[in-house]
Each structure stands twice: as structure tokens, then as C-alpha cells.
Amino acid sequence: MSVRPRIALIGRFTNSASALRYGGVVSSRALLESLWDAGADPVTLLPAADSDWKQRLQGYQGVLLAGGGDINPARYGQEPDASVYDVDDLQDDSDFGMTKYVLQQGIPTLAVCRGLHVVNVVRGGTLIQDMPENHRHVVQEVKVSDYESFGFTSELVATSCYHHQAIDKLGSGLEVLGRGPDGTIEAVGIESTGWARGVQWHPEDTAKSDPNQSGLFARLVKEASA
């Protein structure tokens, strides 16, 4: 049996978890299972200040930039409005630091929801802080250009969305490859010396039943294995 490539995710802080006595650092079970089912060994990393990402990512072959709370709008030059939630500067520092490193080094990277927002802001872009009509609990079809590079089996992809923010000004080195029916940027190619893609939706929601979503995780694992 081939060795599973190790995929790193930065964990998300939570103030309560029934199995723990204190606050926790967590990753979505569905996200971890999707990576495992695709052939990877996913590992949740602690958000930590002043991380040396060259050292911390030794032995990892890929990275998934996961969903989570909102980025501090100060990072893209704005004051927060009342809709912004779960801002945590240590979380931002960790996500931004790892993102800069992996894209510079060409480590295979998949960015999901907040992860896509992090990439966009790292590359000088901005976000809509609160969409006029948010996409919480929205299922929609997205037409994706260059769909095979994502691991999709078809150009039209059914997507499960849960977000109230979206890309506004596009960051440098990002190419829009898919938009939702309302024009929201849903899929991007990310300039890097390695494979890097971003999606606004949550592929883990339907990966067990949708070949397009399981194919996205499989593509990340394929690139990490190489």
C-alpha cells in the first residue's frame, strides 16, 4: 500500500466542545474525512504566533486552507461592519503566514471558503464584508472553466455554500474560473509554482455523494503525492 501524503490544516479555535473540559482547536470532521477518503492523512496544526512555516511543514506534502470565521477587515484596509464575526488576530496571523509560505514554495494547496478569502487578501484583494443576500444554506450550480484542473468530471458543478462574505477586488495572481448565478466569484486558479486552486463553497458537504467534490480532494491528494 502506498504511503498517504500528509495534508496540513490550521485548526480553528472553539470556545466549547462537549468532549473537552476547555476551549479547543478543531477541524471539520467532514473535511478531514473527505481528505482521508481521497487517500490523504490530514493533520490539524495549532495556530501559533511567529511560526516558522519552513520548519512546521517539513514532512507535509500538501495544504488545505479551511473555512472559518471572518478575517479582520483591517487586513484589507477597512473598518469592520456589524456583520463581522469570530475575528481572531492569532488565527489570521497563522493563516496568512502559512498561505504566503506555501504559495511561494509551490506546495499543492486547496483553499476553501475562508481559505479563499485569505489567499485573496494575501494577494492584495478585498472582500465584501456582508453580501446583500448571503449564501448560507445555498445550493447552486456553478459553471467552471478549466474544470479538469480542479479534478471535476463536468463543467457544471453543484455546490453547497455557507458564507456571508465574498471576494470583491480580486487579488493579484488569481484567475476567476467560475461564478455563481449572481456573479459571486466561486472558483479561482491561484498563481503558484505548484498546483493551487480555490473554491468559495464547501466541497466536504457533499463529497461522499458527488464525484465532482470528491474529485477536488482527489486532485489535491494526487498533486501532493507527486
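Glu33 counts as partly exposed because its relative accessibility is 26%; for this label, buried means under 20% relative accessible area, exposed means over 50%, and partly exposed is in between, using a 1.4 Å probe and protein chains only. Its salt-bridge partner is Arg29, with the closest N and O atoms 2.8 Å apart. A salt bridge here is a side-chain nitrogen of Lys or Arg within 4 Å of a carboxyl oxygen of Asp or Glu. Arg29, at 65% relative accessibility, counts as exposed. Both Glu33 and Arg29 sit in helix H1 (residues 29-37), 4 residues apart, or about one turn of the helix. Helices (H or I, at least four residues) and strands (E, at least two) are DSSP runs, numbered from the N terminus.

A word on what you're looking at: this is a predicted model, where local features need pLDDT of at least 70 and side-chain atom pairs count only at pLDDT 80 or more, while totals for chains, interfaces and linings use all residues. Residues are numbered from 1 along each chain as its sequence is written, and side-chain values use heavy atoms, with hydrogens and water left out.

Now for the other salt bridges. The count comes to 10, including these:

| Pair | Closest N to O |
|---|---|
| Glu33 and Arg29 | 2.8 Å |
| Asp93 and Arg75 | 2.5 Å |

Arg75 lies in the loop between S5 and H3, and its partner Asp92 is 17 residues away in helix H3 (residues 89-105), so this pair links distant parts of the chain. Asp92 is buried at 0% relative accessibility, Arg75 is partly exposed at 31%, and Asp93 is partly exposed at 41%. Strand S12 (residues 185-190) pairs with strand S13 (residues 196-199) in the antiparallel sense over 3 bridges, and Ala187 stands opposite Val199 in S13.

Definitions and conventions:
Two strands pair if DSSP finds at least two bridges between them.
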